[in-house]
Amino acid sequence: MTQDKQYNVAVVGATGAVGQNIIKYLEEKPFQVNNIKLLSSKRSAGTKVQFNGEDITVEEATSDSFKDIDIAFFSAGGSVSERLAPEAVKSGAIVVDNTSAFRMDKNVPLVVPEVNENDLKEHKGIIANPNCSTIQMVAALKPLQDQFGLKRVIVSTYQAVSGAGLSAQKELTEQTRQYLNDEEMIANILPAGSDKKHYPIAFNALPQIDVFEDNGYTKEELKMINETKKIMHEPNLHVAATCVRLPVFTSHSESVYIETKESNITVEDIRKALENGEGIIVEDDPSTQTYPTPLSAEGKKEVFVGRIRKDLDTENGFHLWIVSDNLVKGAAWNTVQIAEALVNNELV
């Protein structure tokens, strides 16, 4: 990489939570930004957003917004990405898309840099950022896959309301107030994707994230199953998922059961592999009640793993507890890491 090379960047969805975090991480200079263009819906156009201490006016995102742009970050919803990402590519930009629009497109790499950075070499203008719950799991599974092989993965998630947007966070706050004041809890937003029935999220657990498909799985669960196989290049890997929304503001937690291909593996073998994994921090000491929590992971870029233990009945079975900030590694930071990897590998 030429250290002094500079890049023109656009951020679509610059006024949203993920867009704001992308801007923050670009200020840390993972690569040199020459000019930055901040884009949004017509409603948010005209807003002032700071980048490196300078006020920048947010513009409406249109098909003409990407002239001379090298890297375009998209985080404004799947319909916006479907409409404008191809236009950005036509203008010569490489798109890093944070929505679900292109994740399962066979011509679009789905990338977690610590796991499958080499897939970036196959891009045709668009790279997809995986689902937040998938990112943290595959990051933790990668060193185990490399050393021991994987036969089966069963995951149950405990996901924060921030995954459903700012409105869901506000709903949790308001419902908590209503409950503590013996008022009726008004549920308008969760479960995400449903227009038929709504349960309160405060003091509750909702075993539904996104809508149900005909096979009884939710879209969120199928995302985890299908994205994991694609990212890890394991189409025959057995993966099952149950995704649950909890009244937690930030950071997703996951209980993950794995079965390795290799036998005679110990807990210490698993721990050492994870400790050597890129972007992984092991917090696992039952004697001091040390393990990751959503609060302790909030605002951090790493994936945290604890509660590492051998299954009592299956010789090559192990249990893990995986926690990460869904707005950081699960969204904005992974997106910026993809762009950084493109630059470092001279693919821009």
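**Entry 1: terms and the mixed sheet**

I count two strands as paired if DSSP finds at least two bridges between them. The model I am reading is predicted.

I started with strand β9 (residues 150–159), which runs parallel to β10 and is joined to it by 8 bridges. I then looked up Y158 and found that its bridge partner in β10 is V244.

Next I traced the whole sheet. It is open and has 6 strands, in the order β10-β9-β11-β14-β13-β12, with mixed pairing. Which strands stand at the edges? They are β10 (238–245) and β12 (280–282); each has a single partner strand, so one side of each is left without a neighbour in the sheet. On average, and with direction ignored, neighbouring strands here are turned by 20° against each other.

I checked what packs on this sheet. Helix α4 does, and it touches β9, β11 (252–260), β12, β13 (303–310) and β14 (317–324). The direction of α4 makes about 25° with that of β11. Helix α6 (residues 219–231) lies across β9, β10 and β11, and I noted an angle of about 145° between α6 and β10.

**Entry 2: the parallel sheet**

I went through several pairings. β1 and β6 are parallel over 4 bridges, and V9 has I71 of β6 as its bridge partner.

I moved on to β7. Strand β6 (residues 71–74) runs parallel to β7, joined by 4 bridges, and I71 stands opposite I94 in β7.

Is strand β7 (residues 94–97) covered or open on its faces? Both faces are covered: I94 and V96 on one side are buried, and so are V95 and D97 on the other. For reference, side chains in a regular strand alternate between the two faces of the sheet.

**Entry 3: the β3–β4 hairpin**

I looked up β3 and strand β4 (residues 54–57), which pair in the antiparallel sense over 4 bridges. F51 stands opposite E54 in β4. The hairpin has 2 residues between its strands, and N52 takes a positive phi near 55° there.

**Entry 4: helix α1**

How many of the 10 residues of helix α1 (residues 17–26) are buried? I get 7, so α1 is largely enclosed by the rest of the structure. The buried residues are V18, G19, N21, I22, I23, Y25 and L26. What covers them includes β1 (6–12), β2 (32–40), β3 (48–51), β6 and α9 (328–344).

**Entry 5: aromatic pairs**

I found 5 aromatic pairs in the structure. One of them, Y25 with W333, is edge-to-face, with 5.4 Å from centre to centre and 65° between the planes. Y25 lies in helix α1 and W333 in helix α9, so this pair ties together parts 308 residues apart in sequence. Both Y25 and W333 are buried. I also looked at F66 and F74: their ring centres are 5.6 Å apart and their planes are at 25°, so the pair is stacked. F66 and F74 are buried as well.

**Entry 6: nonpolar cores**

I checked where F66 and F74 sit. They belong to the largest nonpolar core, which has 54 residues, and they are among those with the most contacts inside it, together with V153, L141, I270, L274 and L320. Helix α4 (residues 132–148) gives the most to this core, with 8 residues. Leaving out residues up to four places away in sequence, F66 touches A10, V12, L39, A72, F74, L84, A88 and S91. Apart from this core lies another, of 34 residues, including Y7, V9, V11 and F51. As background, nonpolar side chains in soluble globular proteins tend to be buried together.

Methods: Residues are numbered from 1 along each chain as its sequence is written. This is a predicted model: local features need pLDDT of at least 70, side-chain atom pairs count only at pLDDT 80 or more; totals for chains, interfaces and linings use all residues. Side-chain values use heavy atoms; hydrogens and water are left out. A nonpolar core is a set of buried Ala, Val, Leu, Ile, Met, Phe, Trp, Tyr and Cys residues joined through side-chain atoms within 4.5 Å. Buried means under 20% relative accessible area, exposed over 50%, partly exposed in between (1.4 Å probe, protein chains only). Contact means heavy atoms within 4.5 Å. Axes are lines fitted to C-alpha atoms, for helices over the stretch in contact, and angles run from 0 to 180 degrees between N-to-C directions. Rings of Phe, Tyr and Trp (its six-membered ring) pair if their centres lie within 6.5 Å; planes under 30 degrees apart count as stacked, over 60 as edge-to-face and the rest as tilted.
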